[in-house]
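Biologist: I have this one open in the viewer. Can you walk me through it?

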Amino acid sequence: MKTESNFLIKEENVFCGALSCRGCGWSLLVRHISNVMGTKTVYVVPACCFSIIAGPYPMNMLKGTVVHTLFAAAAATATGVRHSLDRQGKKKSAVVVLAGDGGTFDIGLQSLSGAAARNENILYICNNNGAYMNTGVQSSTATPMGAITTTNPSGKTSNAKDLMGIIAAHKIPYFATASLAFLDDLKKKLEKAKSLSGFRFLMIDSPCPPGHKYAPEMSIEISRLAVETNYFPLFEAEDGDYEITHFPKKKIAVSELFKQQGRFSHLFKTDATKLMNSYQKEVDTEWEALLEKVEK
Amino acid sequence: MKSELAIKITKVKEVKRHTKKVLKGNTAAAEAAKICKATFISAYPITPQTTIIEEIASMISKGEFDAVSVNMESEHSVFAAIKGAALVGERVFTATSGQGLLYAHEVLHAIAHLRLPVVACNVGRPSYPWNIWCDQSDSLAQRDTGWIQIYCENSQDVLDTLIQAYKISEKLLFPTLVVLDAFYVSHTNENVYIPEQKLVDEYLPPRMVSDTDIDIDHPKAFGGLVAPELYDKFNRLFWQDMNKVEDAFNIVGAEFETHFGRSYGAIEAVNIHAGTKKILITLSSITTTARGVLQSNPDVGLLKIRLMKPFPKKSILKVLEKVNKDCILIAIDRNYLGDNEGALMQEIKRAMYGGSRKIFGVYAGLGGRDVPPTTIEKIINIDFNSPETEEIIWIDK
Amino acid sequence: MNITGVFEVRGHARGGQGMVTAFDILAKVFSYTKNYEVQAFPFFGVERTGAPIQAFFRFSPEVILNRSNIYSPNLVVVFDEGLIELTNVFDGLAENGIILINTENPPSFYKGRAKNIFTVPATRISVDNKLGSKSLPIVNAAMIGAILKILEAGIDDAKAIIKKEVPNKPDANEAAAEIAYNSVVGLIDSAFTKSATIAKAVAPSYNDLPSVPYWDKPMSLNKTGTWRVLVPGYQNRQAPCTQSCPAGTDVRTFVKLTGENKFSDAYQVIYKHNPFPSICGRVCPHFCQQNCNRIGFDEEVNIGAIERFLGDKNASHQFKRVPILHKEKIAVIGSGPSGLTAGLRLRQQGYEVTVFESMPVAGGMMRTGIPEFRLPGKVLDQEIQKIVDQDVKIVLNKKVSVDELKNDFSAIVVAVGSHIGTNMNLANEEEIIEGIKFLREVKSGENKKAIRKGDDVAVIGGGNTAIDVARTVLRLGGHPIIYYRRTRQEMPAIAHEVEEAMKEGVQIEFLTAPVNIEKNKNGEFRITSVRMKLGEADDSGRRKPIPVKGSERKFTANKIIKATGQTFDDFVFTDKKVAVKQGEIEFVSGKNNVPVFCCGDMAWGGTIVEAIGSGNDVANEVNAFLRKTEYVKTERTNDVVSADQINFTYYLPTPGNSNPFKEVEKLLNDFTEVVQGLPAKTIVEEATRCLHCGDCYNCGNCFNYCPDAAIFIDEENRLRIDYDFCKGCGICVRECPCSAVRYQEENLVVTE
């Protein structure tokens, strides 16, 4: 029998009415982030869906301070905010970047790398939905190979960037992946990230019904499938020590994940075996590599 | 004419509670950041600005300057960081030059429209073809970003202007760009009178934090989406306040004189009177050379523009009231912005619109090309009354 | 349509319906095929799926000298009817303006709102043509067709452009446009008058704007509930266990309470419908368990063990006696499960009740038809005693008829059960022992020599009686073989009983039926049997056995016991021909008539639990009769949670806990109980395996996963949906483990 403790949010730190699409990963994510971080947090938001979701004038979706900043500059603005708060003795107030994949993998990579390399005391959270969704689904370097976007109408022909590899190379105190289907795990990671100092990074695999082309009610199911297929393994690394936080119970082919999403449907109109096999191989290799990192 | 210049210099010498030092313009800028008690400093190296942040880093590491300094990875990030810091309520300072300023262009708009009292120094240099020498096209290309722009003539001016920049910025909530010429100012060691700290503190109290800054206990959002109708309204409010800058800057200059004994305003008029036949209009270091040339040209006046943005039309028109209608205005531009007219020429023409005065524009000294007295004399000696003389002249040595 | 000046169209739709594309296509149609000057443009805003949006279309035979939004449209097009009350769609519509609405309603529905009202069922047309989903039909092609009709622009020229310009499904879009073109209906209300109001660009009134904008108003000013098309809602749905209990027991609730260690509460939940938990816990076929949604996942919840535990655990529970409230006295004939249940229910309703039993002991078939090794007499005694303790009088050893009682009672309930074996129409049938009689006699001890050690006993039948007979034969030292004419699958006997019997050594010959019996001189029977095969399903849903020609064979047995069904003893009706059915029956007896009701085995069913349900029902009917109110049989809902509606992601496969089965080495004369109960800890563990089908168990999923923070816990600690903000994404529906959240049927926005 489950009890009240299953309700992960005791008091909402968001207001209702978010300008997000039905079944949006962003607004769900922010509910859980704000729940852990508390109201005395400064959120720095570069251009992304969340810049809109957070509220047009004069509304603020978050019960917390929000600094909207420029697309390329989230980690840099956060740096300024962090040092200034510290100087004013407000060391307990967390500075949290809420960025999309475009603002993280692409245009914001420089400032992200700069802040990570300086080990700024910032929690950087990337809501990765694998394309520029706010502007209507254009490819980013986080877009998976094969996915259709408006700028790759026949499907993307290059691999998604291994951002976690780049992040790891910065040797920051804490980085982790998390999924909206695994909210307990997400909460634990947020709490851990909150308790640590220095540059911390969370990568969230985020569902996007209009961008990934599926019915809004499927958001959680697809997110879960991404984890269960090992396409998006859940792990964390504190001081470089890797740990896997969820082991799938049974092996599910990655094609099952792709079949659920309209952005890949063209792949299955003809024989997709070859592509799926190579995807599967890559997923398996990455998983093995992750296991190796854990064993080290 | 001589007497007017002499008076100024004498005044400086007589001011008490100052220490004389021989400083470069860049060092004066660093010194100004310290005595203005900037609390958050961030910068990225670029010639010819670099020595400013080196000086600051050195002062901070020696414990002479109590500020946070963060070495960012680009100018875009620098300005983004100071934007964040200013929003939290810190007094921020940065310095850049040429490409760095151009790279940060996007952030300049954001800082201005967030109404943050940021003060930044720009050591002017052009962009392309690659050139590191004196030019004002970098800062003049930022005219429309909503920043106040002030141009400095010498190291003392740099120091004094930075103090005034914080004053005006924090008064009206606009960012200010203080521009100094590469090498002619930035790397030129000269006498600078540094006011004692207490004197500066009296003039420039710590920054007041307002509703429009971050207050952790009263969460708000900043810089989000604004619908068309409201965007229009906010810009109107911006414009209304921008209209107050010229008068306010003159007051700031007058107050500065009361405190420090050195007089400043939006413009400086030298030898402008009823008999003046030609007036040279200048920005920054060329002014000094022009002052020299004026010594032997009593019918030539000099109008130095300190406040370039917003352009001080009222002050200029007032000065020109006493001048004969035939007096010719010659704007000397050390910038080229891909247009027929230089920026100074454009601004002057705008200010004088509807009048009948003859206005000429001269391009001189681009990309660090030297402007010696002979060039100024050559400008003066152009036959502006000849119908052959074109409105825009590209001067040679 | 003869357009001379600029014609202006304003559209209202939801993000994702395709309005902007529709207007672009219209512009192309008017430009390419009619050579008009055109402008089509959206109000470019934050277009989120479902959120109200606007777009504009302007065309003219002359150059258009205006490049601003449209404030005084000639035509307003409403893509989603729900927007009419949400946004000012009529704003600025001129007095002779036209409005076109996508609706199933006729134009007259909107009479008085505009002069020229047209409607088209574009959503239906689009869904029929598989354009878009149920949550968001893409109605653009249909709306293009309808607009072209209103503008008298014809559809033929437009078709090619529609086909070319739609992002996908060109043929379906073309078809939808044409169907819509021909489906527009209009109403011109010449009496309509209205001074045209000019719509103003909406300027929020923030008079005291700060010079530096900051955002400090709650986002909840933005009511995203207006975006919703599908409406999720909490529903307490029926679980298959509860649904399938003939007694009407709220199975899901007692299992849940057991899981919470609330054994007494759980017991009382059962007792409300079933006064024999200990008995049923042992011998009921547990339809609840057979229909458990867990079956395809791992295995069903052992509800029987839980029920048995609760009955035994609460054996000493004392119920309060209800005072006598009514003057009417009621007689019940028969003290089996239905008679006792009916008696108890009527007593609980305040009637004085007397139960007459022909046997020296109460319990009916529970007493006589079920062997001790399945249902110890002690258990039976306890539960009957509890009924007696509640003041139900039982008169034993009294075989009565309705006629005898009619003068003393206001109503008579006949519940005599089926204790008389039915005839198989075989030769020498009188030599065959009736199974039910055999069991009764063995149990009562009156016939100790029914079976001799070593007897070969043929048992005919496939029900519980056949199994019980065979197992009893084993214990008496005989060698039983059951002959059943269908297969194991069709056996009406409880599956685990069959299994246990086979484990004990009972042999079963399936698809075998006796056709002839002869007796030889040794007193043995020569039985001729025939092989059967299964044909079509009969009325009972089971496949009908058909004899296989030429498959006769013969075998010998010392005894034959038949367990092929029973009928009731008509002594009770004093030889009158009576049509027996559940509830009140026609029974005429002289002047002094008395209402007679039937229930139990004789009326319907065949299991204890059905008898109990029958008893419950008849009690209500009798009460209604006596109180002169209308008797309404409780209708069962058909909204039962099926296994495919369960989200098994949220359940861990957990093996079930079966009752231990006592394996004895020597069965001879051992009549002790075979199946054992489970301890409290195991019972709780088993109860927590319940899926809670259709019953929210506070797992938190809907709340935790709601992207819109639109689920809250109300003052009564119940989960609620805040329809001001719910966008209808349906994640709560999808992620609810137990199907307690579902889409409601409404197509349009509703608010509570």
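Modeller: A definition to begin with: two residues are in contact if their C-beta atoms, placed from the backbone, lie within 7 Å. In chain B, take contacts between residues at least 6 apart in sequence: 79% of them join residues at least 24 apart. This is a predicted model, where local features need pLDDT of at least 70, side-chain atom pairs count only at pLDDT 80 or more, and totals for chains, interfaces and linings use all residues. Residues are numbered from 1 along each chain as its sequence is written, while chains are lettered from A and ligands numbered from 1 in the order in which they are written.

Biologist: How many helices and strands in chain B?

Modeller: Chain B has 15 helices and 16 strands. Helices (H or I, at least four residues) and strands (E, at least two) are DSSP runs, numbered from the N terminus.

Biologist: What radius of gyration does chain B have?

Modeller: Chain B has 21 Å, which agrees with the value near 21 Å for a compact globule of 397 residues. The radius is taken over C-alpha atoms, and the globule rule is 2.2 Å times the number of residues to the power 0.38. Along its principal axes, the C-alpha trace of chain B spans about 70 × 55 × 40 Å.

Biologist: And what share of chain B is buried?

Modeller: Buried residues make up 53% of the 397 residues in chain B. A residue is buried if 20 or more other C-beta atoms lie within 10 Å of its own, exposed if 12 or fewer, and partly exposed in between, with C-beta atoms placed from the backbone.

Biologist: Which domains is chain B divided into?

Modeller: Domain 1 (17-259) and domain 2 (268-394). The bounds come from an automatic or database domain assignment. The centres of the two domains of chain B, taken over C-alpha atoms, are separated by 27 Å. Their contact takes 30 residues from domain 1 and 24 residues from domain 2.

Biologist: Which elements of domain 1 give two or more residues to that side?

Modeller: In chain B they are α7 (137-140), β6 (148-151), β7 (176-181) and α11 (245-260). By class, the side of domain 1 that touches domain 2 has 19 nonpolar, six polar and five charged residues. Ala, Val, Leu, Ile, Met, Phe, Trp, Tyr, Cys and Pro count as nonpolar, Asp, Glu, Lys and Arg as charged, and the others, Gly among them, as polar.

Biologist: Switching to chains A and B. How many residues does each give to the contact?

Modeller: Chain B gives 35 residues and chain A gives 37 residues. On the chain B side, α4(B) gives the most, with 10 residues. That side has 21 nonpolar, nine polar and five charged residues.

Biologist: At what angle does α4 of chain B pack with α3 of chain A?

Modeller: Helix α3 (residues 74-87) of chain A and helix α4 (residues 75-88) of chain B pack at about 40°, with their axes 6 Å apart. Axes are lines fitted to C-alpha atoms, for helices over the stretch in contact, and angles run from 0 to 180 degrees between N-to-C directions. The residues making the contact include A:Gly80 and A:His83 of α3(A), and B:Gly84 and B:Lys83 of α4(B). By class, this helix contact has 10 nonpolar, seven polar and one charged residues.

Biologist: What about chain A as a whole?

Modeller: Chain A has 11 helices and nine strands. Its radius of gyration is 18 Å, close to the 19 Å that the globule rule gives for 296 residues, so chain A is as compact as a globular protein of that length. Buried residues make up 59% of the 296 residues in chain A.

Biologist: Where is A:Met164, and what does it touch?

Modeller: A:Met164 is in helix α6 (residues 163-169) of chain A. A:Met164 is partly exposed, with 19 other C-beta atoms within 10 Å. Not counting residues up to four places away in sequence, A:Met164 touches A:Phe175, A:Thr177 and A:Met203.

Biologist: Last one, chain C. How many residues of helix α7 are buried?

Modeller: In helix α7 (residues 251-259) of chain C, eight of its nine residues are buried. The elements covering the buried residues include α8 (263-271) and α20 (680-687) of chain C. C:Asn261 follows α7(C) and has a positive phi, near 65°.
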